[in-house]
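Please look over the model below before reading on. The report that follows describes parts of it in plain terms.

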Amino acid sequence: MKIRFAAFFIMAAMALCAQETTDTTIDKWSAGRPDGHAPISVMGDHMHNQGEWMFSYRYMFMNMADLKRENDDVSFDNALVDYMVTPTEMPMQMHMLGGMYAPSDAITIMVMANYVNMTMDHLTRMGGTFTTEVSGLGDVSVSGLFRLFNRNKSTMHGQFGVSIPTGGVTEMDVIPASAPNSVVLPYPMQLGSGTFDANLAMTYLCQGELLSYGAQVRGVVRLGKNERDFRYGNRLGLNNWLGLKVANWLSFSARLEGLLAGKINGVDPTLNPDMVITADTENSEGTYLNSGLGFNLYAPNGALKNLRLGFEFAYPLYQNLNGVQLKNEETLTLGLQYSL
């Protein structure tokens, strides 16, 4: 049912866009309108003309709460039969700074860094509770975007990049069983991957008078293992979005994303997989179908020309998780982009 809905969304969006782009003149796709960028949660969605710069700031809040095994909800009591400790909630905040520069019309260079703050609430088999927290610099990514074509109000580009392991994989905090000493935190509470990761993507965009459509397939491939002798799973996602321009300064968007997240490979020898759910690599991997609704505000003229404000609220429609894991809940993304 959900797969048929996703397929219908994609086909309807492409049909609507195609209906509005029947003009055979060589009109190029344009970023100079509110729907000229994807929803603010989508990265590497657009390119720039030669000599242009863009700077961006994004704030993302993501919450995970309660437990799921495959497609079924799991109670904390059920999980504590097999583990001494279970997580109950994990809110994450991320601040992302990005820069883009186009040395030519065919190439745009993109750099992005982020600062992460995560907390995780826990419940023990004996009924006790405690919280762990970590914050710091995450991994830095550097990418090249390469234009394949831009005509008839449609454009396509590829992305080849690498994620540099500037985020830590040895983050520690104090838990009741270790006090006053700190212990290494489980896999979801680390700030980076600890590996050089290949970021590969292909993005297609088209525009009509009022409607725009975008599709992006993106993969993350982990290269080798990190200093803790493990690597996070590879990821493959397909994003589709539809934009509606209601004024030259405002557009609304709807987004649908399918995501495959791979299993953790290897084991951190400092973690006890029988102690807490998040230290067991069997509790990783999943399939997701996510939705998003948002808007873009764009200043085409005046003192704030080329300033864009984007917002999106995202929520999972479906998630099938391997082992026992925290469920994804709401994600809020707010961002500013400025071009010159």
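## The model

This is a predicted model, in which local features need pLDDT of at least 70, side-chain atom pairs count only at pLDDT 80 or more, and totals for chains, interfaces and linings use all residues. Residues are numbered from 1 along each chain as its sequence is written, and side-chain values use heavy atoms, with hydrogens and water left out.

## Paired strands

Helices (H or I, at least four residues) and strands (E, at least two) are DSSP runs, numbered from the N terminus. Two strands pair if DSSP finds at least two bridges between them. Strand β10 (residues 196-207) and strand β11 (residues 211-223) run antiparallel and are joined by twelve bridges. Three residues lie between β10 and β11, and the two strands form a hairpin. Phe196 has Leu223 in β11 as its bridge partner.

On β11 there is also a pairing with strand β13 (residues 235-247), again antiparallel, with ten bridges. Here Ser212 has Gly243 in β13 as its bridge partner. In a regular strand the side chains alternate between the two faces of the sheet.

## Backbone exceptions

Most residues other than glycine have a negative phi, and most peptide bonds are trans. The peptide bond from Ala179 to Pro180 is cis, with omega near 5°. Pro180 sits in the loop between β8 (172-174) and β9 (182-184).

Lys153 belongs to the loop between β6 (140-151) and β7 (154-164). Glu285 belongs to the loop between β15 (265-266) and β16 (286-298). Its relative accessible area is 37%, so Glu285 is partly exposed. For this class, buried means under 20% relative accessible area, exposed means over 50%, and partly exposed is in between (1.4 Å probe, protein chains only).

## Pocket and cavities

Rolling a probe the size of a water molecule over the atoms shows where empty space is left. On a 1 Å grid over the protein atoms alone, a cavity is a set of points where a 1.4 Å probe fits but cannot get out; a pocket is an open set with protein on both sides within 12 Å along at least five of seven lines; and lining residues have an atom within 4 Å of a point. Grid points are joined across faces, edges and corners, and a volume is the space filled by probe spheres set on the points.

The largest pocket has a volume of about 440 Å³. It is lined by 22 residues, of which Ile175, Ala177, Val183, Met275 and Val276 are the closest to its centre. β4 (107-124), β5 (129-137) and β9 each supply at least two residues of this lining. By class, the lining of the largest pocket has 15 nonpolar, six polar and one charged residues. Here Ala, Val, Leu, Ile, Met, Phe, Trp, Tyr, Cys and Pro count as nonpolar, Asp, Glu, Lys and Arg as charged, and the others, Gly among them, as polar.

How many cavities of 30 Å³ or more does a search of the whole structure find? The search finds four. The second largest cavity holds about 80 Å³ of space. Of the 14 residues that line the second largest cavity, Met54, Arg58, Met100, Met110 and Met112 are the closest to its centre. Its lining has six nonpolar, six polar and two charged residues.

## Salt bridges

A salt bridge is a side-chain nitrogen of Lys or Arg within 4 Å of a carboxyl oxygen of Asp or Glu. The structure holds nine of them. One joins the side chains of Arg222 and Asp197 (2.8 Å, N to O). This pair links distant parts of the chain, with Arg222 in strand β11 and Asp197 in strand β10, 25 residues apart. Both Arg222 and Asp197 are buried.

Another salt bridge joins Lys68 and Asp73 (3.3 Å, N to O). Is Lys68 buried or exposed? Lys68 counts as buried because its relative accessibility is 8%, whereas Asp73, at 55%, counts as exposed. Lys68 and Asp73 are also linked with Lys327 in a network of salt bridges.
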